[in-house]
Amino acid sequence: MIKSPSVWPLKQRIEFPAVRLNGPRILMRPPDPVDFPAWAALRERSKQHLTPFEPEWHEDSLTRDLFLRRIERQSRDWKAGLSCSFLIFRSEDQTVLGGMNINNIVRGAAQFCTLGYWLGEEHQGQGYMGEAMRLTLIYGFNTLKFHRFNAGTLPHNGRSIKLLRRFGFEEEGYAKSYLQINGEWQDHILFGLTEDQFQKSLNISA
Ligand SMILES: CC(C)(COP(=O)(O)OP(=O)(O)OC[C@H]1O[C@@H](n2cnc3c(N)ncnc32)[C@H](O)[C@@H]1OP(=O)(O)O)[C@@H](O)C(=O)NCCC(=O)NCCS
């Protein structure tokens, strides 16, 4: 009997394209099973910092099993054209800094996606996410041929709002009870960025 891919051991089903995004100080690439210890340790240290802005963490949130299941799903979704998931590393020593996810990719007349991102607490305030955002937007507009990026933030997430505005994202709406964050349905500010707006923001910051 020929085994179907769905019954292969989890690790064997994790297969991402060899995409690498390189910036001056960071490298972005899809997650790998070997990243688990550093990823889990960083998120454990950053728990107080991250949980107010993420879907509720459960008891098994930082287990190896859940990490492998998550990245197996991410690799399937990448293959299906639904999302692209990256971890962000400091180039000089390969320290895991955080993550960037291009989610909800819609093609056809839409050609858009939604961004999700996080940094470990100790890596905030050093410009790493700015670099990751720049690489992601260039990859999205140039390689994936998106027409727009969407992003939603909690109204009090000042750092995230500042980051989005820096790259030309504009506020486009207010969605009541939009996402379940930290266990509660919470309102979000909706931001959008078209390629034209991104080009303008690059010209202004150049
Ligand atoms: C949202 C989040 C990723 C933003 O991170 P951030 O550290 O503010 O963003 P950057 O990495 O781009 O850093 C920018 C800051 O670094 C400073 N900085 C220091 N050195 C720098 C350098 N070499 N280059 C650029 N900026 C530098 C900037 O001045 C800026 O500081 P300021 O905001 O006090 O003006 C982070 O706050 C986070 O992970 N939050 C929790 C999760 C979350 O909210 N996710 C988003 C949900 S919508």
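**A walk from a buried loop to the ligand**

Let's start at L154, which sits in the loop between strand 6 and helix 5 (helices, H or I and at least four residues, and strands, E and at least two, are DSSP runs numbered from the N terminus). This is a predicted model, so local features need pLDDT of at least 70, side-chain atom pairs count only at pLDDT 80 or more, and totals for chains, interfaces and linings use all residues. Residues are numbered from 1 along each chain as its sequence is written, and side-chain values use heavy atoms, with hydrogens and water left out.

Is L154 buried or exposed? With 4% relative accessibility, L154 counts as buried (buried means under 20% relative accessible area, exposed over 50%, partly exposed in between, with a 1.4 Å probe and protein chains only). Leaving aside neighbours within four places in sequence, L154 is in contact with P52, F53, I161, I181, Q186, D187 and H188 (contact means heavy atoms within 4.5 Å). L190 is 36 residues from L154 in sequence, and their C-alpha atoms are 9.1 Å apart.

Now hop over to T51, in the loop between helix 2 and helix 3 (64-79). T51 is buried too, at 14% relative accessible area. Beyond its neighbours within four places in sequence, T51 is in contact with W57 and N182.

Next stop: helix 6, residues 195-205, where Q197, F198 and S201 are buried. Looking down the axis of helix 6, you'd find its buried residues within an arc of 100°, so they line one face of the helix (the arc is that of the directions from the helix axis to the C-beta atoms). Those buried residues pack against helix 4, helix 5, strand 7 (170-181) and strand 8 (184-194). On the face turned away from the buried side, you'll see the exposed residues D196, K200 and N203.

Finally, the ligand. It is surrounded by 22 residues, and the closest are Q124, G125, M129, N157 and R159 (a residue is near if one of its heavy atoms lies within 4 Å). Which helix gives the largest share of this shell? That's helix 5, with five residues. The shell splits into eight nonpolar, 10 polar and four charged residues.

A polar side-chain atom of R159 lies 2.6 Å from an oxygen atom of the ligand, and a backbone N or O atom of M129 lies 2.8 Å from a ligand oxygen.

How values were computed:
A polar contact is a pair of N or O atoms within 3.5 Å; within protein, one must be able to donate a hydrogen and the other to accept it, and residues adjacent in sequence count only if both atoms are side-chain atoms. Ala, Val, Leu, Ile, Met, Phe, Trp, Tyr, Cys and Pro count as nonpolar, Asp, Glu, Lys and Arg as charged, and the others, Gly among them, as polar.
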